[in-house]
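Here's a quick tour for anyone new to reading protein models. Take a look at the picture first, then work through the points below.

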Amino acid sequence: MSLRVLDPGALALVEDLGRPGWAALGVSPSGALDRAALRLGNRLLGNDEGSAGVELLLGGFAARFETETWFALTGADGPAELDGQPIDTHRAVRAPGGAVLRVGRPGRGMRSYLAVRGGIAALPVLGSRSRDVLSGLGPEPLRAGDVLPLGDPGAPVPPVDFVPVSAPTLGAVELRAHHGPRADWFTDAAVEAFHDAEWTVSAESNRVGVRLDPPAAGRHAAPLLERRVTAELPSEPMVAGSVQVSPDGRPTVLLADHPVTGGYPVIAVVAEASLDLLAQARPGQTVTFRRA
Amino acid sequence: MSLRILPSGDRALLAELGGLEEVLSLYRALDAARPAGVVDLVPAARTIGVVVDPAVLPLSAAQAWVERTRPIDSPPADEVPVDLPVRYDGADLAEVAGILGLGVRDVIDLHTSSVWRVAFGGFAPGFGYLVTDHDRLRVPRRATPRTSVPAGAVGLAGEFSGVYPRASPGGWQLIGTADAVLWDAAADPPALLRPGALVRFREVP
């Protein structure tokens, strides 16, 4: 059983729930950025929640099922078709052998997940099949012609007709954020401004982190995130969700492929439950940080 | 020991200490007695990151564990250092000697006679920031980082020495080359240099 990639689109990566536990050796947790979406896809198929799927960036993906296979698309909301016929996302679909799946550009969100019954059986590295773009661990980014082996199906495909999911928003993404370990390195006004401001997702964002642009000048004097302590910070451990502020005052929210340590002070840490939302935020979209 | 607990989201906390020695001592103790639910224990320059699975070990329990753990100041007496053969052929060896006001031979002798310890990792899988008990090899990073440093390059930067586990950009001053495999994801353990480990560099032709 296998899946042949015809077109990877902008970026197609094998991801599961990552490889936590190796950070002391310099290895990030990695794994699907929208974990709820991957989990849901797996559940729809009767897979283990942590089975590997394919994380698709902005659609444009095409693949052929070499044998009859059940699959599900979750995450970003957009058009998809199987042998030219439109198919629903967020439900288990049976593909006959030889059928071609095409995933279009989503209207909302950034990342869709292709879960396949039995999971993608790529070679695990340190217990995970996730591609880590920072450290280069895990299966290479998919290319046209790649053939992905599929695992043995476990449980039967559960009889679920419909699961309620809320499509990613096109409007402001509201995240919850905790006080960061170095919030006291910033002025009180800076911490206020961090929570008040409407930030914009920069195009310079990836699985390592989401860079944020400050609101257009006017309401806030620059730099928005003024430091109280200007000393250099000795490198310290980072987590997914850490909001690092670089010397120019721009925040970056670290994601799953983050460096395990970093030298910029962390003003806030995005709550675990909000990270999936951030995975779907598009460049140009507004982000706000409510106090967790 | 000065210990301060800092928040780091809903799955982690940072233990901030007075310095690298205290980090190593507390890391040694924490690593030796991890309760269930500790996912990652990450030493750094002044802090130790404690990442938990809060369903197994709530953050408050993790904090209590860190606060009641007594640091272990001395490494085990029978500890065997990792032996790292090095050809001292680095592109910056002469420049490093110049910066330090030493001869090239003195730099090599100092590097090989010092006992190094892996303080922490973090730059790439398998990279270790190595420290020793003196700062006579302290040099600044290169003003302009190299776009590519080969795997095995042995470098100095600030108070640290280190070996690049694979080719990557880098700003360290390069003094030699090691042939040892520092990172093999298929090996157990995958890293030759782990936090806390002792390292001796040995000159080879």
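Let's start with one pair: the side chains of Arg291(A) and Glu192(A) meet in a salt bridge, with N and O 3.1 Å apart. (A salt bridge here is a side-chain nitrogen of Lys or Arg within 4 Å of a carboxyl oxygen of Asp or Glu.) Arg291(A) sits in strand β20 (residues 286–291) of chain A and Glu192(A) in helix α2 (residues 188–196) of chain A, so this pair ties together parts that are 99 residues apart in sequence. Helices (DSSP runs of H or I, at least four residues) and strands (runs of E, at least two) are numbered from the N terminus.

This is a predicted model, where local features need pLDDT of at least 70 and side-chain atom pairs count only at pLDDT 80 or more, while totals for chains, interfaces and linings use all residues. Residues are numbered from 1 along each chain as its sequence is written, chains are lettered from A and ligands numbered from 1 in the order in which they are written, and side-chain values use heavy atoms, leaving out hydrogens and water.

**Salt bridges**
- Over all chains, the structure holds 31 salt bridges.
- Side chains of opposite charge can pair when their charged atoms come close.

**Where chains A and B touch**
- Chain B puts 36 residues into the contact and chain A puts in 30 (contact means heavy atoms within 4.5 Å).
- About 2,400 Å² is buried between the two chains, and carbon and sulfur atoms give 63% of that. Buried area is the accessible area (1.4 Å probe) that two parts lose on being put together, summed over both.
- The interface has 2 salt bridges. Arg182(A) forms a salt bridge with Glu16(B), with the closest N and O atoms 2.9 Å apart.
- On chain B, β1 (4–7), β2 (12–16), β3 (38–43) and β4 (47–52) each supply at least two residues of the side that touches chain A.
- The largest share of that side, 5 residues, comes from β3(B).

- Most residues other than glycine have a negative phi, and most peptide bonds are trans.
- Leu58(A) has a positive phi, near 55°, and lies in the loop between β3 (53–57) and β4 (61–65) of chain A.
- His90(A) also has a positive phi, near 60°; look for His90(A) in the loop between β7 (85–86) and β8 (93–95) of chain A.
- Asp188(B) and Pro189(B) are joined by a cis peptide bond, with omega about 0°. Pro189(B) is in the loop between β12 (173–178) and β13 (198–203) of chain B.
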